[in-house]
Amino acid sequence: MERKHSVWAEEITPCLRNFDEKKQMESVNGALALRGQIEGIIDQIWEEGFDGIYFMGIGGTYASGMQVEVYMRGKSRLPVYVENAAEFLTTGNKRFTEKSVLIYSSVSGNTKEMVELVKKVKAMGARVFAFIDTPGTMLTAEDMQDYLILYPMNEQLKFYMVANYLMYKNGEFDDYTEYNAQMEQYLAKDLAEVEKEADAWAFGFAKEKVAFYNEHKDLPHYFIGSGNQYGATYSYAMCYWEEQMWIRTKSISCQEFFHGMQEIIEADTPVTLFIGEDEQRPLAERVARFLPKVNGNYTIIDTREYALEGISEKYRGSLSHLVMRAVNARVDAYMELFLRHPLSIRRYYRQFDY
């Protein structure tokens with residue numbers, strides 16, 4: 001039988017694929033509505049006292065922990081740390097005591113490393129504050145946490161809500177009321193608008209990247225970012241392009257780019273740079289100045305290019321990672337389309353014991 005060439009791929013156009021504006025806005029607003037619960041839990045933790053707040057996770061949840069830790073590092077004197085769950089299980093941390101508090105998030109509610117982590121922390125007598133997406137799972141059992149909030153998605157937003165109230169309690173966030181008023185009025189709509197604005201660009205980017213990938217499957221795609229964008233860089237390369245799309249990647253921080261990766265960038269090396277608006281933006285701008293000198297296959301995604309109506313300039317840095325996620329959600333939708341590969345499929349992850 002003669003196989004005819006299909007022109008379908010050339011005929012498709014940007015269509016806000018996999019985008020439900022109403023559902024998305026309800027999701028973000030629902031997360032913002034958790035503020036009262038979060039404040040009540042932090043009030044209890046504050047009253048009881050603590051010697052450290054530890055955000056721990058594995059994979060993408062570890063990346064979210066990295067984002068909230070770097071967000072607080074330059075703003076707060078509170079003892080806030082980030083730990084990889086698997087490292088903590090093997091190496092431990094002598095600073096972590098029965099007076100410490102573990103804060104974590106889990107989508108499935110049964111990730112092996114997180115279940116073991118919580119058991120170890122509870123055995124030490126420390127307190128556990130959990131955000132779980134899925135009810136009726138192992139991690140939602142009463143003996144697995146002291147404080148539990150069940151609500152799907154919006155992990156990074158929930159972590160930042162914790163961080164903001166902790167800093168407010170510590171006298172380090174005088175604008176807390178104004179900040180939350182703006183978030184609750186504008187954030188959900190603004191993030192939806194970012195997706196709509198980015199859609200046509202993301203379509204072209206995904207089509208171009210898949211075409212390049214099909215011709216260079218052994219060449220990794222490099223992702224670079226810093227500040228709260230480094231967690232985005234790390235998780236987007238690993239959890240999305242590698243785990244979901246099966247494309248080789250490497251992620252690196254802007255500050256480390258010039259100490260190794262710089263030397264292996266060639267004219268056609270695929271590179272994507274994430275630029276946010278927090279204190280580490282100058283580190284990304286330095287990479288942006290360098291790339292055009294040696295590379296012709298780079299992409300820069302700058303959150304500053306997206307309007308956030310109603311949000312004060314001084315607060316934009318705290319939202320850069322959410323804006324980047326909105327842009328990348330559009331990329332994901334079209335990468336899935338052009339790869340002809342549903343992003344829900346896994347070859348190995350959770351397919352058998354290992």
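Is K314 buried or exposed? I looked this up first, and K314 is exposed, with a relative accessible area of 53%. My cut-offs: buried is under 20% relative accessible area, exposed is over 50%, and partly exposed lies in between (1.4 Å probe, protein chains only).

**Ground rules.** I am reading a predicted model, where local features need pLDDT of at least 70, side-chain atom pairs count only at pLDDT 80 or more, and totals for chains, interfaces and linings use all residues. Residues are numbered from 1 along each chain as its sequence is written, and side-chain values use heavy atoms, with hydrogens and water left out.

**Salt bridges.** I searched the whole structure and found 25 salt bridges. The term stands for a side-chain nitrogen of Lys or Arg within 4 Å of a carboxyl oxygen of Asp or Glu.

I began with K314, whose side chain meets that of D175 in a salt bridge (3.1 Å, N to O). D175 sits in the loop between helix 7 and helix 8 (176–215), and K314 in the loop between strand 9 (298–302) and helix 12 (320–339), so the pair ties together parts 139 residues apart in sequence. I note that helices (H or I, at least four residues) and strands (E, at least two) are DSSP runs, numbered from the N terminus. D175 is partly exposed, at 26%.

Next I looked at D43 and K169, joined by a salt bridge of 2.9 Å, N to O. This pair also links distant parts of the chain, with D43 in helix 3 and K169 in helix 7 (residues 155–169), 126 residues apart. I found D43 partly exposed at 28% and K169 partly exposed at 29%.

R35 is partly exposed at 23%, while E39 counts as buried at 17%.

**Aromatic rings.** How many aromatic pairs does the structure hold? I noted 31 of them. Rings of Phe, Tyr and Trp (its six-membered ring) pair if their centres lie within 6.5 Å; planes under 30 degrees apart count as stacked, over 60 as edge-to-face and the rest as tilted.

W201 and F205 are a stacked pair, 5.0 Å centre to centre with 20° between the planes. Both lie in helix 8, four residues apart, about one turn of the helix. W201 is partly exposed at 33%, whereas F205 is buried at 7%.

I also followed a cluster in which ring pairs link Y165, Y168, F173, Y176, Y179 and Y315.

**Charges over rings.** I count a charge as over a ring if NZ of Lys or CZ of Arg is within 6 Å of the ring centre and within 35 degrees of the ring normal. R95 lies over the face of Y81, 4.4 Å from the ring centre. The charged end of K120 sits over the ring of F88, at 5.1 Å from its centre.

My last stop was K250 in strand 7 (residues 249–253), partly exposed at 37%. Its C-alpha is 8.4 Å from that of Y234, a residue 16 places away in sequence. Which residues does K250 contact, leaving aside its neighbours within four places in sequence? With contact meaning heavy atoms within 4.5 Å, I listed H221, Y222, F223 and M261.
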